[in-house]
Amino acid sequence: MAKRYTSYFLGAFVSVAVTLALLQAEAAAPAVYIFGDSTLDVGTNVFIPECLAKADVYFNGIDFPYSVPTGRFSNGLNTADEIVRLLGWKRSPPPFLYLLNDKSTFKQNILQGANFASGGSGIINTTGQTQFNRVISLEDQIKQFSTVRSNITNMTGSDAATDRILSKAFFLISIGSNDILEYLLNLTTPPMSIPEFNVTLLSTYENHLKTLYDLGARTFGILAVPPIGCTPFARAVFTQDGSCFEPAEQFAQAFYVEVAALLKQFSSAVQDIRYSLGNTYLMTTTMMEDMLAFGFRNIAAACCGNGTYKCNQTASFCANRDEYLFWDQFHPSQRASELAALTLFGASESLAAPMNFSQLLGVNV
């Protein structure tokens, strides 16, 4: 008898909790749904056993609380964490795959947000799949989000109510770097000419954004491709003298211009979306050109490992991590991510257009 009443009480408690969460979702600060690659991955790939693109070993996370490697490709917090912190969150939304493990709180948690980003993934479905054995492409990340929408609709009882909730949510996306790098490494399948690749990349990205729109997304924060030709990896693999690899730089610059045009056209066609496009290429090159003003003393080397050796417990690593732009072969240090987030929220239109994140989301930083 006692067991039956306990079960009844727990069921009622969960029902009340979900109802309160729905009311808060209708009225409170926006939920945050995060998509993309390792720039924003907070541990998704840790939950994919066969995936080879993981940051779940030391020295990753050395500056995270308790020096724990969490799956972030960073010495501490990454760009997703830093952006969400400026929205007033105490911690970043956890990986969607982590939330799936706890069925009892899943519905409450997804109303607050989730992170679908997967290191090594790309806009094109095949990106990263051979190189890293298995990653979650942007298309599959969006499919995961569609299950979130279905669960919210099961709670609200109507698509209209779900639309109201999701119309207030913030959709953060950072992707494209891996597609370009794989193309330059001749790993893209099937092989394509540069014009074919560009058309495929942009048309596929547009389709993904339209799918998110159809699922209820209305407010987008999109990060363009940073100067991937200047990463420690590109300097080591593509050039003889350790300089930036110009073809990758040209791809990154062109990607920003093309995505800006895509978003302008898309927003004109549907009219009820709002967005901010972060020019992470210009943002990062500005830091590089005036590195001392930003507190950096090394903008070329990896703090942990080097251009051809990934960060792990056997790698050498620097003591002055805040003075390095790059944490590892590809990824920014925690300090660089913090500066990028602050710039996204406070920048002029040259760095975040047509408005910055503060203007987009109505927050003061």
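**Close-up 1. Phenylalanine 35 and phenylalanine 171, two buried residues of a predicted model.** Both phenylalanine 35 and phenylalanine 171 are buried (under 20% relative accessible area, with exposed over 50% and partly exposed in between; 1.4 Å probe, protein chains only). A pair of aromatic rings is described by the distance of the centres and the angle of the planes. By the pairing rule (rings of Phe, Tyr and Trp, the last by its six-membered ring, with centres within 6.5 Å; planes under 30 degrees apart are stacked, over 60 edge-to-face, the rest tilted), the count is 23 aromatic pairs. The ring centres of phenylalanine 35 and phenylalanine 171 lie 6.3 Å apart and the planes meet at 10°, so this pair is stacked. It joins distant parts of the chain: phenylalanine 35 is in strand S1 (residues 32-36) and phenylalanine 171 in strand S3 (residues 170-174), 136 residues apart. Strands (E, at least two residues) and helices (H or I, at least four) are DSSP runs, numbered from the N terminus.

**Close-up 2. A cluster of linked rings.** Ring pairs connect Tyr33, Phe35, Phe96, Phe106, Phe116, Phe145, Phe171 and Phe220.

**Close-up 3. Threonine 308 in a loop.** The loop runs between strand S6 (298-302) and strand S7 (324-326). Threonine 308 is exposed, with a relative accessible area of 60%. Leaving out residues up to four places away in sequence, threonine 308 touches Ala236, Val237 and Gln329 (heavy atoms within 4.5 Å). Threonine 308 and glutamine 329 are 21 residues apart in sequence and 7.1 Å apart in space, C-alpha to C-alpha.

**Notes.** Residues are numbered from 1 along each chain as its sequence is written. In this predicted model, local features need pLDDT of at least 70 and side-chain atom pairs count only at pLDDT 80 or more, while totals for chains, interfaces and linings use all residues; side-chain values use heavy atoms, without hydrogens and water.
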